[in-house]
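Please keep the sequence and the model in view while reading.

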Amino acid sequence: MIFIITLVILLLLIIVANIKIVPQSKTYVIERLGSYSTTWHNGLHIKIPFIERIANNVSLKEKVRDFAPQPVITKDNVTMQIDTVVYFQITDPKLYTYGVENPINAIENLTATTLRNIIGDLELDETLTSRDLINAKMCTILDEATDPWGIKINRVEVKNIIPPRDIQEAMEKQMRAERERREKILQAEGEKKSSILIAEGEKESAILRAEAQKESQIKLAEGEAEAILKVKEAEAEGIKLLKEAKADKSVLALKSFEAFEKAANGQATKIIIPSEIQNIASTLVAAGELVKKD
């Protein structure tokens, strides 16, 4: 009786031990009697005791590997250190388990050899300015090479490109000279713009002064013309009033005397009297004498 109870308990423990729950983003590669049997995805699974075993526990999440710098030689025989970062994901757990021994080490070696081949076709300047080209080529080559391993290469990034020390110093001198050249160009352009603005300001100022002087002269001429016009209008109005009053020659002569009276009161030392007025004056004198005799 005790033996049976012990046997039942043992069987229950074995069954419980072989109940497996596969979490999300995980897969189990199952072997039966040493051969590949199936792949378990997320969920509840029961393993046959002593016959099946879990050969590999594979994560389907994207992985990132930062590989150490690799010495590479450019087309113009410059040795530099380049390190890369590889983003990959396992798409086939079976191929990943049975395709290659130590897949991560295989990817690292494949990355190093591919990088050397690509950089060997580029010169130093192209290497420093062609990161996108290098990344794209490496990603394509690595993705094709790792397909039999059940690995998908999502992205490859060149992290650092470290040229030799003497090349770095030469590049620093070149960049310093380029910055100085740009600074001088900017300074010259600033001075040029400043001179242009000053000249334009002087030009506009001269134009404004000329326009102001022209307007002043126009206003002055208009004022003189208006004054002359007013005088002529006053004279015309006086003549009109005389004509309307039907003034005879005696009135006109009297007006002439009044005008000469005003002229005599001025500063003139010599006054020329027209002959008509002289005749009128003589007539007036004669008339006065006749009145006295009477």
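Which residue in β8 does Val-72 stand opposite? Val-72 stands opposite Met-80.

## Basis

This is a predicted model, in which local features need pLDDT of at least 70 and side-chain atom pairs count only at pLDDT 80 or more, while totals for chains, interfaces and linings use all residues. Residues are numbered from 1 along each chain as its sequence is written, and side-chain values use heavy atoms, with hydrogens and water left out.

Strand β7 covers residues 70-73 and strand β8 residues 79-90; helices (H or I, at least four residues) and strands (E, at least two) are DSSP runs, numbered from the N terminus. The two strands pair in the antiparallel sense over four bridges, where pairing requires that DSSP finds at least two bridges between them. Five residues separate β7 from β8 in this hairpin, and Asn-77 in the turn has a positive phi of about 60°.

In a regular strand the side chains alternate between the two faces of the sheet. In β7, Gln-70 and Val-72 make up the covered face, and Pro-71 and Ile-73 the uncovered one.

## Salt bridges

The whole structure holds seven salt bridges, each a side-chain nitrogen of Lys or Arg within 4 Å of a carboxyl oxygen of Asp or Glu. One of them joins Glu-31 to Arg-53, with the closest N and O atoms 3.0 Å apart. Glu-31 lies in strand β2 (residues 26-32) and Arg-53 in strand β5 (residues 52-59), so this pair ties together parts that are 22 residues apart in sequence. Glu-31 is buried at 8% relative accessible area, whereas Arg-53 is partly exposed at 46% (buried means under 20%, exposed over 50%, partly exposed in between, with a 1.4 Å probe and protein chains only).

Asp-143 and Lys-152 form another salt bridge, 3.1 Å from N to O. Asp-143 is buried at 15%, and Lys-152 is partly exposed at 34%. In helix α6 (residues 165-244), Arg-181 and Glu-178 are three residues apart, which means a separation of about one helical turn. Their side chains meet at 2.5 Å, N to O, and a network of salt bridges links Glu-178, Arg-181 and Arg-182.

## Glu-101

Glu-101, in the loop between α2 (93-98) and α3, is exposed at 72% relative accessibility. Its C-alpha atom is separated by 9.6 Å from that of Trp-149, 48 residues apart along the chain.
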